[in-house]
Amino acid sequence: MGQIAAGSQQKMHGIWAGRWTFILAATGSAVGLGNIWKFPYIAGENGGGAFVLVYLLCIAIIGVPVMMAEVLLGRRARKSPIYAMSDLAREAKVSRLWCAIGWSGALAGFLILTFYSVIAGWALAYVGKMINGDFVHAAPETVGNIFSTLLADKGGLIQWHSVFMLMTVGVVAAGVTKGLGVAVRVLMPLLFVLLFVLLWYSSQYGDFSRGFNFLFDFDFSKLTWSGVLVALGHAFFTLSLGMGAIMAYGAYMPSHAEVSKTVVTVALLDTLVALVAGMAIFPIVFAANIEPSAGPGLLFVSLPVAFGNMDSGLLFGSVFFILVSIAAWSSSISLIEPVVSWMVESGRFNRVGAISLVGVTAWLMGLGTVLSFNDWADFKPLLGMTFFDFLDFLTAQIMLPLGGLFIALFVGWKMSKASVREEIAETTDIQFDLWLQMVRWISPLAVAAVFVFLLWDKFLSGWWAALIALI
Ligand code: PHE
């Protein structure tokens, strides 16, 4: 089925020029706000070291195997996730219910986009503030105030959210292969370089050893079950897994490219960016006496302090936030690609029509996230969370891990071993079997175990204790 389908896919959406374009595009999707903004702040909120270790384990034993599974699904079907799953379910002669993987993925991507765009808007706003010199010689409190003023300013937030949404819509409308390939080829390497410049700065002027110990001292007493769920969810979020983005990109991957090596490269690059970002941020956090658990504002408070007090900080700072915006941009594109390519393939929309509809709806829903930081900050109807916190929880901690779980189950148990082997042809038999066992057992069981323990921790243990007390 591969060859014929590849032809029509190429006509409709284009196909990557080669393995490296796929690596760059997948890295562009993976490396984003998740690495530079979210990873440091959730590591801070969950006590550092032990959390980081669990996160790295999740990447290695769940993330990489599931990512290979997701890429192979896309490449085998050469369609957008929803149609891909329906073709593959037919090929495997199993229930059409497996298409739910595609549907829930498309929905998760859409929901993530609604808040992702708002946060990326903060980065855009910071480019202006940097160029303006707002942070020059600013003390941490001053920077903290600038950040809270930004959050309180609904109009400003909406304006930046709109700019970012338009940028995303623009590239997707032009077709993914054209705009994106170039962007990631030039800009991702630049982001790496700048992160290393920041790392150097924080090693010179920050409290480097304290930052290092915070991230790599494995003190398990600080870790909770919900921390483990956050780490697991983040492994999926940061690798763009469980929602079809990687499947959609896999559909454009040349047939001769090696899935295993490619996926490992993407995972390594993604992890490197997160760790370097953490090491660039925490020494500065400690030197400036900012709380590591400061939450979503961590990046937006600690780094401007560093830039403001650094030679040529104005320049580096502006470039840095431009690059963060670009990293977010290449991720947000992959968030809506699954929905948009499905709408186009359905034959009912053209690309521009589809993306306009999705863009406007996502923009509207994004207003809920904007308000979560000001007018609705104390409005917590859903599990005691703000609108933004709830969306983040629902997508990253529930939908993506569940999506990944079912992808693993589908590839491990439902597809014929021969079709799977065809897509991962480059590995030796032993490597292949090892991977297959991980996809069949380790990844699903690990995800399921975390859910069960969390349920126990949050609800059942209380009831159990009450029952024991009654007896
Ligand atoms: N991986 C992206 C990041 O870390 C976010 C993302 C999630 C993108 C899911 C696509 C799909 O920022």
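Predicted model: local features only at pLDDT ≥ 70, side-chain atom pairs only at ≥ 80, totals over all residues.
1. The structure holds 13 salt bridges. Have a look at Glu423 and Arg75, whose side chains meet at 3.0 Å, N to O. Glu423 sits in helix 18 (residues 417-423) and Arg75 in helix 4 (residues 49-77), 348 residues apart. Both Glu423 and Arg75 are buried. They also take part in a salt-bridge network with Arg76, Glu91 and Glu422.

2. Lys154 and Asp375 form another salt bridge, with their closest N and O atoms 2.9 Å apart. Lys154 is in helix 8 (residues 154-174), while Asp375 lies in the loop between helix 16 (351-372) and helix 17 (387-414), 221 residues away. Asp375 is exposed, with a relative accessible area of 51%, and Lys154 is partly exposed at 32%.

3. Now for the nonpolar side. The largest nonpolar core has 167 residues, and Trp122, Phe320 and Trp435 touch the most other members. Helix 6 (residues 100-132) gives the most to this core, with 19 residues. Beyond its neighbours within four places in sequence, Trp435 contacts residues including Pro65, Met68, Leu72, Val411 and Ile424.

4. Finally, Ser302 in helix 14 (residues 298-308) is buried, with a relative accessible area of 0%. Leaving out residues up to four places away in sequence, Ser302 touches Ile281, Ile284, Val285 and Ile290.

Terms used: Residues numbered from 1 in each chain as written. Heavy atoms only, no water. Core = buried A, V, L, I, M, F, W, Y, C linked by side-chain atoms within 4.5 Å. Buried < 20%, exposed > 50% of the residue type's maximum accessible area, 1.4 Å probe, protein only. Helix = DSSP H or I, 4+ residues; strand = E, 2+ residues; numbered from the N terminus. Contact = heavy atoms within 4.5 Å. Salt bridge = Lys/Arg side-chain N within 4 Å of Asp/Glu carboxyl O.
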